[in-house]
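Q: Could you put the model up, so that we can go through it together?

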Amino acid sequence: AEHRYGAVMVVRCVARTIFLGSAPGAAGQTVRGIDESRIRLGVLQPGENIALFNDARNVLVSSLSYLYSSNGRYWYDTKPTLRKVADDRARQIREDDIHADIEKRLRKMGANKGAFAAIHVCPQTSSDVLDDQSVRLVILRPNETHRQVSKSDSAAVIRADDFLLNRGQQQRAYRNMLVFLAPDADRMDTLKPQLRQLLAWESIDKDQDALNLDKAQIRNTKDEIARYEQIVADQLRDAYQWLLVPRVDLEIDLNKITFDTERLLVDNDALSERVYQRMKQSEQLIDEYAPALLKIELDKLLW
């Protein structure tokens with residue numbers, strides 16, 4: 001990418017055009033900066049690729065501490081951009097705070113229990129999940145992830161197995177009444193940096209008086225919060241995609257419980273509805289069962 005830019009000094013041309021077209025420190029301007037069309041007029045020559053200059057402009061915006069952008073306009077200022085402040089704050093956010101925020105968002109997403117008797121969001125111990133004859137959905141914690149390559153030894157499967165076998169210090173009786181939803185490890189790695197940025201921008205919004213933000217910076221902060229809120233919401237819904245359903249193979253070993261791991265389709269339905277529809281389609285969860293079919297299944301187990 002650097003060689004591609006350097007061939008015609010693209011980055012230097014864009015930076016120089018923005019500098020000459022905007023007045024640093026002119027905080028009293030009604031409309032600040034230079035718009036995108038004028039930047040293109042200032043840098044392009046016949047036969048050159050316009051996309052190259054657009055890419056260079058985006059690189060400058062994401063890397064320079066004193067280059068501002070808002071509503072398609074760009075300018076330099078003598079104060080560092082809020083993006084630099086946000087990046088610094090994002091690096092200081094602890095992993096525990098990230099997990100706590102994810103769990104808070106999951107509780108809002110899991111408020112609609114749908115067809116399940118209850119939804120247990122990020123339970124700390126197996127004693128938090130009741131043991132009775134009702135189907136319950138357990139949403140595992142953000143660090144209890146699953147990968148497609150790790151069928152039986154992922155953190156999600158190990159945790160689900162503990163919940164399935166035990167309730168606190170006692171053995172669980174109704175093991176066929178729990179189903180688990182786990183996050184994908186790779187998707188969680190993608191989500192966390194975005195959530196860090198969101199929390200950083202929210203902290204800037206809270207400290208706007210201490211940071212002495214002007215109206216443009218306050219508006220920019222609100223825009224960034226709204227943008228990252230949407231990104232985090234979409235990526236969190238996408239991350240929790242692994243359905244873990246316990247299963248016993250009647251022909252091999254009645255005492256051995258394994259997990260069927262399936263990837264859920266990403267849509268706008270509630271988490272409980274996504275799980276319920278998938279299990280119903282695959283007959284892992286049956287609401288009503290004909291007596292004749294039930295007898296056929298029981299005959300496989302009883303003499």
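Q: How much space lies in the largest cavity?
A: About 90 Å³ lies in the largest cavity (on a 1 Å grid over the protein atoms alone, points where a 1.4 Å probe fits but cannot get out; the volume is the space filled by probe spheres set on points joined across faces, edges and corners). This is a predicted model, in which local features need pLDDT of at least 70 and side-chain atom pairs pLDDT 80 or more, while totals for chains, interfaces and linings use all residues. Residues are numbered from 1 along each chain as written, and side-chain values use heavy atoms, without hydrogens and water.

Q: And what lines it?
A: The lining (residues with an atom within 4 Å of a point) consists of Arg-32, Tyr-68, Ser-69, Ser-70, Trp-75, Asp-77, Lys-79, Asp-214, Ala-216, Gln-217 and Asn-220. Strand 2 (67-70) and helix 9 are the elements that give two or more of these residues (DSSP runs numbered from the N terminus, H or I of at least four residues for helices, E of at least two for strands).

Q: Switching topic, what happens just after helix 10?
A: There Glu-283 takes a positive phi of about 60 degrees. Within helix 10 (residues 271-281), Leu-271, Ser-272, Arg-274, Val-275, Tyr-276 and Met-279 are buried (under 20% relative accessible area, 1.4 Å probe, protein chains only).

Notes: Buried means under 20% relative accessible area, exposed over 50%, partly exposed in between (1.4 Å probe, protein chains only). On a 1 Å grid over the protein atoms alone, a cavity is a set of points where a 1.4 Å probe fits but cannot get out, and a pocket is an open set with protein on both sides within 12 Å along at least five of seven lines; lining residues have an atom within 4 Å of a point.
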